[in-house]
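Here is a short briefing for someone meeting this structure for the first time. Look over the sequence and the model, then read on by topic.

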Amino acid sequence: MVDLLLGLQWGDEGKGKIVDVLTKNYDIIARFQGGPNAGHTLIFDGNKHVLHTIPSGIFHDKAINIVGNGVVIDPVIFQKELENLAPYNIDFKSKLFISRKAHLILPTHRLLDAASETSKGKAKIGSTLKGIGPTYMDKTGRNGMRVGDLELEDWKDKYKALTEKHLKMLNYFEVDIQFDLEELEKQFCKAVDVLKQLTFIDSEEYLFNAMKNNKTILAEGAQGSLLDIDFGTYPFVTSSNTTAAGACTGLGVAPNKIGEVYGIFKAYTTRVGSGPFPTELFDKDGEAMAKVGHEFGATTGRPRRCGWLDLVALKYAVQINGVTQLNMMKGDVLSGFDTLKVCTSYTYQGKEISHLPYNIEPENVSVNYTEFKGWDEDLTGMETADQLPKNLIDYINFIEKEVQVPVKIVSVGPDRKQTIFR
């Protein structure tokens, strides 16, 4: 069976840390969707690491790490990731495998991303400008480039044809995008040479055989369920399926081979970029969450919008993913709040509802809260569940009752050691 680890909000839930914590239980860590718009932060031994494409199990000696077919790869960013990991003497050739069916982000994909976002003006969706959307568009348009193409003699001909198409498309947007294509292509070709030194695999066959040989596998998602291209807050979403179904298509794993589904959520809610956010705070409580939680994007550095926990949205994410156990992150950030609020229902077009409707823009939705007493205790040094304050336990128990799924892990700090199992 393949276990899944997914974000249940708008991304940034702390998936990288939990993958790192759980990797000791698995032989293989496999990333199944998204691109270098992801920023998975790992902290241990006093060091901070931010991974964008490489799976979060890379620091464990025994784990094989696979970048699956559902991922889009920017060779330039990938090269920088490898260079950043150079001091750790990781044998990438034997520990990091790349699916031949994963699509490549070309320099002109990034240019198209920037031109498209600029042309939208105030209606922009908050793209990370990494070329993710245009790459997935070429994938579904059936003319993208894949990692396996790099093994063919004529890959540069395919590259040139796609680049020329992109340059013609840039004229459509009628915006001024400054770029030096010759320099961008020089960087790209150099990075491709580095990428070709790694091991390319037919990942669906590799994983099938691994399951047959009773290897333990953890599939790692990126972004979050509310950013799913189908089930997220469209159009303010990412370009891939971030939900459990995306693991099947992003790795070639059959649905009946899915085992545990770990769902990760913050004790409050955050969002980066544009889009509706019903529980967003614009007061001192929101400012305190952002400050204490260091809420800045690991990839872009953009400040995250903060708000109270939205149980309507969380139940929705649990439902569409088939979550079997929950991991609650950043409970330590809420220490010191006198009162906590949890959204338990919406008022949608004049009626109270407890499910996520088609449209959650502020003109259609208002929020109904249940209040809880806060706690003052510093959680960051706690090591066992019986040390957690009563009011936090009450908070967790309420969440479990509402979503009907147990909270098995409570994170009380960013370090891998600051993790409490219940």
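Isoleucine 399 is in contact (heavy atoms within 4.5 Å) with Phe265, Leu309, Leu311, Leu314 and Met328, leaving aside neighbours within four places in sequence. The model is a predicted one: local features need pLDDT of at least 70, side-chain atom pairs count only at pLDDT 80 or more, and totals for chains, interfaces and linings use all residues. Residues are numbered from 1 along each chain as its sequence is written, and side-chain values use heavy atoms, with hydrogens and water left out.

**Nonpolar cores**

- Ile399 is among the residues with the most contacts inside the largest nonpolar core, which has 59 residues. The others named with Ile399 are Leu4, Phe265, Leu326, Met328, Leu334 and Tyr395.
- Helix H12 (residues 390-403) gives this core its largest share, 6 residues.
- A second, separate core has 30 residues, including Leu42, Val71, Leu195 and Leu198.
- A nonpolar core is a set of buried Ala, Val, Leu, Ile, Met, Phe, Trp, Tyr and Cys residues joined through side-chain atoms within 4.5 Å.
- Buried means under 20% relative accessible area, exposed means over 50%, and partly exposed lies in between (1.4 Å probe, protein chains only).
- In soluble globular proteins, nonpolar side chains tend to be buried together.
- Helices (H or I, at least four residues) and strands (E, at least two) are DSSP runs, numbered from the N terminus.

**Leucine 309**

- Leucine 309 lies in strand S14 (residues 309-310).
- Leucine 309 counts as buried because its relative accessible area is 0%.
- Its contacts include Gln9, Phe265, Ala267, Thr279, Cys343, Tyr395 and Ile399, not counting residues up to four places away in sequence.
- Alanine 267 is 42 residues from leucine 309 in sequence, yet the two are 6.2 Å apart in space, C-alpha to C-alpha.

**Strands around S19**

- S19 (407-411) is mostly covered, with 4 of its 5 residues buried.
- Strand S15 (residues 325-329) pairs with S19 in the parallel sense, over 3 bridges. Two strands pair if DSSP finds at least two bridges between them.
- Methionine 328 stands opposite valine 410 in S19.
- S20 (419-421) pairs with S19 in the antiparallel sense, also over 3 bridges.
- Threonine 419 in S20 is the bridge partner of serine 411.
- Glutamine 418 sits in the loop between S19 and S20. Its relative accessible area is 17%, so glutamine 418 is buried.
- Glutamine 418 is in contact with Lys17, Thr380, Val410, Ser411, Val412 and Gly413, leaving aside neighbours within four places in sequence.

**The annotated loop**

- An unreviewed UniProt entry places the feature "binding site" at Ala298, Thr299, Thr300, Gly301, Arg302, Pro303 and Arg304. UniProt positions are given in the numbering used here, feature names are shortened, and annotations may be inferred rather than shown by experiment.
- Arginine 302 is in the loop between helix H10 (284-292) and strand S13 (305-307). Arginine 304 lies in the loop between H10 and S13.
- Is arginine 302 buried or partly exposed? Arginine 302 is partly exposed, because its relative accessible area is 26%.
- Arginine 304 is buried, at 11% relative accessible area.
- Among the contacts of arginine 302 are Gly126, Ser127, Thr128, Val272 and Glu295, leaving aside neighbours within four places in sequence.
- The side chains of arginine 304 and aspartate 12 are joined by a polar contact of 3.4 Å. A polar contact is a pair of N or O atoms within 3.5 Å; within protein, one must be able to donate a hydrogen and the other to accept it, and residues adjacent in sequence count only if both atoms are side-chain atoms.

**Backbone points**

- Most residues other than glycine have a negative phi, and most peptide bonds are trans.
- Aspartate 12 has a positive phi of about 65° although it is not a glycine. Aspartate 12 is in the loop between strand S1 (2-7) and helix H1 (15-22). At 27% relative accessibility, aspartate 12 is partly exposed.
- Asparagine 89 has a positive phi of about 50°. At 70% relative accessibility, asparagine 89 is exposed.
- The peptide bond from tyrosine 234 to proline 235 is cis, with omega near 5°.
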